[in-house]
Each structure stands twice: as structure tokens, then as C-alpha cells.
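The sequence and the model are shown here.

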Amino acid sequence: MSQTWNQHVVKKENKALVLETIQEKAPISRASIAQVTGLNKGTVSSLVSELIDEKLINESGTGESSGGRRPVMLLLNERAGYTISVDLGVKSILGVLTDLRGNIINEKRIRFQNDNVDEVLHLLYTLISELKLNAPTSEYGIVGIGVGVPGVVTTEGEILLAPNLGWKKVPLRKMLAEHYQVPITVENEANAGAYGEKVYGVGQFSTELVYASVSVGIGVGLILDGKLYKGLRGFSGELGHMTIEKDGVDCRCGNKGCWELYASEKALIEQAEKKGYKAASVEHIVEAANNGESKAIKLLEQLGDYLGVGITNIIHIFNPEQVVVGNTLQLAENYIMPAIERRIEKNAIGFNKNDVQLNVAKLKKHSTVMGMAAFNIEKFFKSSENEIMPN
Ligand SMILES: [Zn+2]
């Protein structure tokens with residue numbers, strides 16, 4: 001049977017839809033897939049057969065019968081391939097090997113001091129290669145490598161600027177593609193974190209979610225209408241540089257009084273050192289607060305208050321269902337979350353305030369790597385029909 005190009009495109013889309021439905025709702029029968037997708041049963045059956053031949057799904061057991069013959073249930077073959085998903089942070093690299101359902105199979109972390117591009121890249125390649133070696137044998141092998149970075153990333157995967165790493169114009173996607181012959185994704189870490197929480201974390205049932213990644217700096221990832229919002233070229237969410245004090249402290253971005261100068265890990269540590277804490281870290285300050293030191297408690301509450309100022313602005317712009325606070329500062333959740341809530345209560349307009357839930361990231365340190373895993377898996381499922389050309 002010959003297919004026109006259009007028929008081919010429709011078939012490819014339908015197949016991706018069937019696979020996506022199995023991924024989300026497995027175990028599921030062919031009849032239920034037809035019901036959920038609106039495709040007719042014959043179409044579903046033939047697409048399911050192809051997916052079974054391609055080892056992307058399995059038939060398993062039997063489902064609940066509504067009287068007649070028990071239907072055969074379909075499951076995703078999550079061991080058909082693996083992803084390597086990385087969070088390239090300011091002082092450490094966290095990498096995970098996941099299966100196609102996002103289960104973590106292996107995890108590695110490398111800490112570093114020097115921000116030199118070549119040295120950090122060398123560590124990144126080492127980590128990726130180690131994870132690759134740990135992947136079990138599978139039909140498709142490594143299906144994608146994804147790296148989340150703390151900086152401005154173009155839609156082509158070039159890091160234009162990663163201020164806290166001191167990097168400028170690093171074409172990371174291209175560099176990784178020269179090393180590894182698999183699809184590569186490079187994304188801003190806050191965007192990835194937002195997506196990780198949306199797919200696997202606290203935001204699974206939210207279509208309007210704002211994820212604030214509070215670490216050395218502040219980045220914001222936006223899920224709007226159920227999708228990651230990236231702006232024209234991928235630069236959205238640079239809210240760490242919204243002005244909250246018009247004649248405030250100078251920021252290296254050229255502006256004054258940026259949010260991250262008052263509400264980030266860096267701000268906390270600077271303030272702590274002014275108050276006499278030596279070589280302070282977030283862990284150290286939280287521990288002091290837990291021991292009842294009022295100086296430490298006050299520092300964390302003040303930081304939470306500043307976070308609340310920025311989050312109130314964000315709430316007024318987006319009317320989100322959830323604001324999720326992630327990355328390093330979630331360690332201080334017992335002190336910062338109540339302070340954020342008090343500031344929202346005080347400053348936010350009622351009808352906006354009433355809608356919003358404030359949460360800590362459910363995936364903890366894994367929000368970004370899990371977002372990268374979700375991107376890798378999605379890309380693979382969308383591309384895995386490429387080999388079926390019209391005949
Ligand atoms: Zn700034």
C-alpha cells in the first residue's frame with residue numbers, strides 16, 4: 001500500500017499519541033487506548049503491533065473484564081533504552097542514568113572548584129562516560145543525553161552566558177554532539193527543574209506552575225498552559241534580575257537592586273559573613289538556626305521575606321496554580337517558606353493570592369536531572385518512528 005506524505009505524517013503522530021497514552025496510563029488495553037485517543041480500534045491495533053515489534057511496549061497479563069473476554073494489557077518497555085541526564089551546577093555536576101519511565105538506575109556526582117571551561121567539560125565527559133558504562137544492555141542503548149546549565153541557553157543549545165560559572169558563548173550541545181552519537185539536549189537548569197517537577201514531581205496535576213530555582217543565583221522556569229514556556233529564543237525566566245530595590249546594590253548584569261542580590265544563596269552567605277559567620281554555607285546556617293541561634297534564624301527569615309517579594313510579583317504576572325521553590329535553598333524550608341507565605345499574604349492581591357499553592361520541590365536535588373530525563377525520553381519517543389518511511 002502506498003502512502004502519501006500527509007498520511008505518513010498523520011500515522012507518525014498517531015503512533016506517538018498511542019505511545020504517549022501507554023506511557024501515561026499503562027497498564028492499558030487496546031480498547032481503552034482507542035477510547036482515550038479517539039482513534040479507531042483497527043488503527044490502534046496496527047500501531048500497537050508495530051510498537052511491540054519495535055520492543056517499545058510489551059503485552060502483559062490481563063485486565064479487569066467488563067463481562068466478556070479479559071483484555072490483554074499493554075505496558076511500556078521501560079528497559080528498551082536509557083537516558084543520561086545531568087545537572088551542571090556551579091560547584092558540582094550531578095548525573096543520573098534513567099530508564100524510559102524516569103527511574104534512576106545509577107547516579108554520580110563530581111565536585112569541582114575551578115570553573116575553567118575545558119576542565120569542567122573534561123569532568124562532564126568523564127561523568128557521562130561512567131554512566132554510559134553502567135547502562136544495562138538494551139534494544140536502543142543510550143537514547144539521549146541532556147544537560148541542564150545555570151545560564152542563558154539558546155534554543156540551539158549554546159550557552160550564551162552562565163554568570164555564576166563565568167562562562168560565555170559555549171556551544172555545549174555542538175561540543176557534546178561531537179563526542180556522543182545520540183540526540184543531545186542542553187537547557188537552562190530552572191526550565192529543566194520546572195519540567196522535572198511537572199512530569200515527576202509536585203506539579204503533576206498543575207498546568208500553571210512557576211519553579212524558582214534558588215541557589216547561587218535565582219532562575220525561574222515557567223510551565224504555562226501545561227507546557228514549558230521558553231520565550232522567543234529560550235531566554236525567558238531571567239527573573240533573578242527583576243528589580244526589587246530601585247537604587248539597590250549593583251549587579252554584574254549592569255542593573256541595580258536585582259532580586260538575586262537579596263534572595264539567593266550568595267546573598268545569604270554574604271549577609272551571614274557580615275554577621276560574623278565564617279566560611280558560611282546554607283547547611284551551616286540552617287544548622288545554627290536549628291540550634292536556636294536567633295542570628296541565623298533572622299538571616300533565613302529575611303531571605304525568605306525577599307523571596308516572597310519576588311514571588312509576589314511573579315504571582316501577579318502569571319496567576320499560577322503553584323509556585324515551587326527548588327534547588328539549594330529548599331534546605332532552609334522550615335524558615336524560608338513561612339516567611340515567603342507571610343510576605344505573599346501581606347503584598348499579593350486577594351484573588352491572585354487565593355489561587356496559589358506554595359510548595360517545596362518534591363524531587364529535591366533531582367528536579368533538574370529529572371527534567372532533562374523527561375526531555376530525553378520525550379524526544380526519543382517522538383523520533384522513534386523516524387525509521388518508518390512511507391512506502
Ligand atoms: Zn542583575
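## Secondary structure and model

The coordinates come from a predicted model.

## Overall dimensions and burial

The radius of gyration of the protein chain is 23 Å, which agrees with the value near 21 Å that a compact globule of 391 residues would have. Taken along the principal axes, the box filled by the C-alpha atoms comes to roughly 75 × 50 × 40 Å.

Of the 391 residues in the protein chain, 50% are buried, where buried means under 20% relative accessible area. Among contacts with a separation of 6 or more, 62% are accounted for by residues 24 or more positions apart.

## Packing of α2 and α3

Two packed helices are described by the angle between their axes and the distance between the axes. For helix α2 (residues 30-37) and helix α3 (residues 41-53), the angle is about 120° and the axes lie 9 Å apart. Because of that angle, α2 is oblique to α3, and the crossing in which α2 passes α3 is right-handed.

On the α2 side, the contact is made by Arg30, Ala31, Ile33, Ala34 and Thr37, while α3 contributes Lys41, Val44, Ser45, Val48 and Ile52. Sorted by class, this contact of α2 with α3 consists of six nonpolar, two polar and two charged residues.

Note on methods:
Residues numbered from 1 in each chain as written. Predicted model: local features only at pLDDT ≥ 70, side-chain atom pairs only at ≥ 80, totals over all residues. Heavy atoms only, no water. Axes fitted to C-alpha atoms, helices over the stretch in contact; angles between N-to-C directions. Helix = DSSP H or I, 4+ residues; strand = E, 2+ residues; numbered from the N terminus. Parallel < 35°, antiparallel > 145°, perpendicular 65-115°, else oblique. Left-handed = near helix turned anticlockwise from the far one by under 90°. Contact = heavy atoms within 4.5 Å. Nonpolar A, V, L, I, M, F, W, Y, C, P; charged D, E, K, R; others polar. Rg over C-alpha atoms; globule rule 2.2 N^0.38 Å. Buried < 20%, exposed > 50% of the residue type's maximum accessible area, 1.4 Å probe, protein only.
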